[in-house]
Amino acid sequence: MHSDRLYQLALWLTPGVGDMLTRLLMAHCGSAEAVFKLPPGKLQKIRGIGDLLSRNIAAKSTFVQAEQLLEQALREAVEITAFNEEEYPQRLKSVYDAPALLFSKGKGSVNPVRSVGIVGTRRASEYGKKITEEIVEQLVPYQAAIISGLAYGIDITAHKAALKHDLPTFGVMANGLDLVYPVAHQKTALQMQEKGGLFSEQTLGTQPDRRFFLDRNRIIAGLSDVVIVIESAVRGGAMGTAEYANNYNRDVFAVPGNLTSPNSEGCNSLIARNKATIFTSVPQMIETLGWQENGEPLKMPTLDLSRFSQEESQIIRLFRDSGAMHVDDLAWKSQLSMSKLASLLLNLEFQGFIKSLPGKVYGLA
């Protein structure tokens, strides 16, 4: 695995590659190592790879950096997981723009039975904090993991409430996992790792940056079954998380608030635009979600592949193994013609077994 991880990191770190092309290349070639062994001429024929990128990959200039990163991750007890591995969070794997590599730290299961994203303003009111604490307490019978961003305000209130009630809680960081930001939350972050943990798509040593905070919101949404926005300005970061959650077909709830309060503008706007269900109580939300108490797994029907044709079963298995993927990658992996694949995808979508996502991406419904 050390060798595999070295190739994965080296590919991901190659200038111009990044997440989407790392996923595409690994899906196309079967592994990161196979990508580096492919002649530049053949690399250039892959969608999205031109002369410059193929030369960057062939140069193998990032292996020293990748080796150093591996050694640092070992010292910091940080796990690195690729999107196509079983250890990668299954909820996140299902979204079309999931990180190609995910950094994590902690002892909690990355695939909890249930997960609730709780987000909101850094300038939370006492009312907002009180509501957050009450929601988390009332989620105890459902053994839901609490997902948030470890920021001031609603985020840290949700994490602390989860710790108080012995629920697993995960924080998604906008920086490398070798540091905690804000520094004031270091103690809480350490406690979270006992039953939950920390996630980031940023390499170790990466400092917090505004654009990283925007990116991490999609991971919070992707890791959650449902997202609750407690308080938010109309342009607050929590609004971005809600937008991602809507795009990922996650349930979104918003706590309504005082019409004259800036902290309520975002929540009221989400409700008014039908981007979120109005949150009135945990029982109301639980009824909408259809959850059972005591953390029992949902009674999801097992999909009997014998009812499908051989080609349909192959497509469903590919989605199960690799998550959502671009139609070009699916065609390459299935070795089906584009016309045949389009017909099969349309049929499966009509039956409600798969869903179409932006950018010619498909995944299981």
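What follows goes from the whole chain to its pocket and cavities.

Q: What kind of model is this, and how are residues numbered?
A: It is a predicted model, where local features need pLDDT of at least 70, side-chain atom pairs count only at pLDDT 80 or more, and totals for chains, interfaces and linings use all residues. Residues are numbered from 1 along each chain as its sequence is written, and side-chain values use heavy atoms, with hydrogens and water left out.

Q: How many helices and strands are there in the chain?
A: Helices (H or I, at least four residues) and strands (E, at least two) are DSSP runs, numbered from the N terminus. Here the chain has 17 helices and twelve strands. Its radius of gyration, taken over C-alpha atoms, is 21 Å, close to the 21 Å that the globule rule gives for 365 residues, so the chain is as compact as a globular protein of that length. That rule is 2.2 Å times the number of residues to the power 0.38.

Q: What share of the residues counts as buried?
A: Buried means under 20% relative accessible area, with a 1.4 Å probe and protein chains only. By that test, 54% of the 365 residues are buried.

Q: How do I read the second largest pocket?
A: On a 1 Å grid over the protein atoms alone, a pocket is an open set of points with protein on both sides within 12 Å along at least five of seven lines, a cavity is a set where a 1.4 Å probe fits but cannot get out, and lining residues have an atom within 4 Å of a point. Grid points are joined across faces, edges and corners, and a volume is the space filled by probe spheres set on the points. The second largest pocket holds about 540 Å³. Its lining has 23 residues, and Arg122, Arg235, Gly236, Gly237 and Ala238 are the closest to its centre.

Q: Which helix gives the most to that lining?
A: α11 does, with six residues. At least two lining residues come from each of α11 (210-223), α12 (237-247) and α13 (262-272).

Q: How many cavities of 30 Å³ or more does the structure hold?
A: There are two. The largest has about 70 Å³ of space, and its lining includes Arg91, Phe170 and Phe199.

Conventions. Buried < 20%, exposed > 50% of the residue type's maximum accessible area, 1.4 Å probe, protein only.
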